Amino acid sequence: MSNKILLLEDDILLGETIVDLLEDEEYLVTHCVNGQQAIDTTFENKFDIYLLDINVPLINGLTVLKELRDADDNTPTIFLTSHKDKLKDAFLTGGDDYITKPFDNDELLLRIHALLKRTKTSICTEIGLLSHNETLNRIIYDNKELDLSIKEYQLLLLLMKHVNSTVSKDLIIQELWNASDGGSNGAVRVYINRIKQLVPNITIQNIRGIGYKLVS
């Protein structure tokens, strides 16, 4: 399974060069040219690593990572920068590594490989065919990463954390929705049915009138 990388770089030519370099190494790359686009993209997709330029339009790279970290997104991050005076802020914001421009292509690849190797060894919670990588926020089923929406991910993770115990509908709604979002039992049922389709060999019981239970 190829690793997925989000690249935030407003220099179009440099960005395309980096994309070509990474794709030649069989990485799957999404290139964003401003900070807002990068944040929006992370809401729709999960990545194995972020490569963030700092001085980009709309929202700078430091603020992008701060917002992601505040949302409990712990995806490993390398900053790409020509401003060494920003490095302290980069690490305080939650960055894992940096590389200064102009950089050697081989050095960039080595840093990416080293960071991925380090995070891939993080402890996983395993329940039968399911496993959750806490560092990368990934749920794997039968050796394949599940393509989950944010709420599907949150719901399945909640069931995994309470394996063999009933999770009430009220708790699910409380965990998945803000008070103003208007979660409902019907919406929970839709997400449960979707998850069941994605993990056919995992038992998720409907405890009538109470909630749901994932059985190991």
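Reader: Is Asn-143 buried or exposed, and how do you know?

Author: This is a predicted model, and in it Asn-143 has a relative accessibility of 70%. Exposed means over 50% relative accessible area, so Asn-143 counts as exposed. Asn-143 is found in the loop between β8 and β9, and its phi is near 70°, a positive value in a residue other than glycine.

Reader: What makes Asp-142 partly exposed?

Author: Asp-142 has a relative accessible area of 42%. The label partly exposed covers values between the buried limit of 20% and the exposed limit of 50%, and therefore Asp-142 is called partly exposed. Asp-142 also lies in the loop between β8 (138-141) and β9 (144-145), and it has a positive phi of about 55° although it is not a glycine.

Reader: Why is Asp-48 called buried?

Author: The relative accessibility of Asp-48 is 3%, and buried means under 20%, so Asp-48 counts as buried. Asp-48 lies in the loop between α2 (35-44) and β3 (49-53).

Reader: What kind of peptide bond joins Lys-101 and Pro-102?

Author: The bond between Lys-101 and Pro-102 is a cis peptide bond, with omega about -10°. Pro-102 is found in the loop between β5 and α5.

Reader: What makes the meeting of Arg-69 and Asp-96 a salt bridge?

Author: The N to O distance between the side chains of Arg-69 and Asp-96 is 3.5 Å, and the limit for a salt bridge is 4 Å, so the pair is counted as one. Arg-69, at 16% relative accessibility, counts as buried, whereas Asp-96, with a relative accessible area of 34%, is partly exposed.

Reader: How do you know that Arg-111 forms a salt bridge with Asp-97, and what does the pair tie together?

Author: The closest N and O atoms of Arg-111 and Asp-97 are 2.9 Å apart, and a salt bridge must be within 4 Å, so the pair meets the condition. Arg-111 lies in helix α5 and Asp-97 in strand β5, so the pair ties together parts that are 14 residues apart in sequence. Arg-111 has a relative accessible area of 26%, which makes it partly exposed, and Asp-97, at 17%, counts as buried. Salt bridges that share partners also join Lys-4, Asp-48, Arg-138 and Glu-145 into one network, and the structure holds ten salt bridges.

Reader: What makes the surface patch negative, and which helix gives the most to it?

Author: Asp and Glu count as negative, and the patch is formed by Glu-16, Asp-20, Glu-23, Asp-24, Glu-25, Glu-26, Asp-104 and Asp-106, so the patch is called negative. Helix α1 (residues 12-24) gives the most to the patch, with four residues.

Reader: Why is Asp-106 called exposed?

Author: Asp-106 has a relative accessible area of 52%, and exposed means over 50%, so Asp-106 is exposed. The place of Asp-106 is in helix α5 (residues 105-120).

Note on methods:
Residues numbered from 1 in each chain as written. Predicted model: local features only at pLDDT ≥ 70, side-chain atom pairs only at ≥ 80, totals over all residues. Heavy atoms only, no water. Patch = residues over 30% accessible without salt bridge, like charges linked within 9 Å, V, L, I, M, F, W, Y side chains within 5 Å. Areas by Shrake-Rupley, 256 points an atom, 1.4 Å probe, with all protein chains shown as cover. Charge placed at Lys NZ, Arg CZ, Asp CG, Glu CD. Helix = DSSP H or I, 4+ residues; strand = E, 2+ residues; numbered from the N terminus. Buried < 20%, exposed > 50% of the residue type's maximum accessible area, 1.4 Å probe, protein only.
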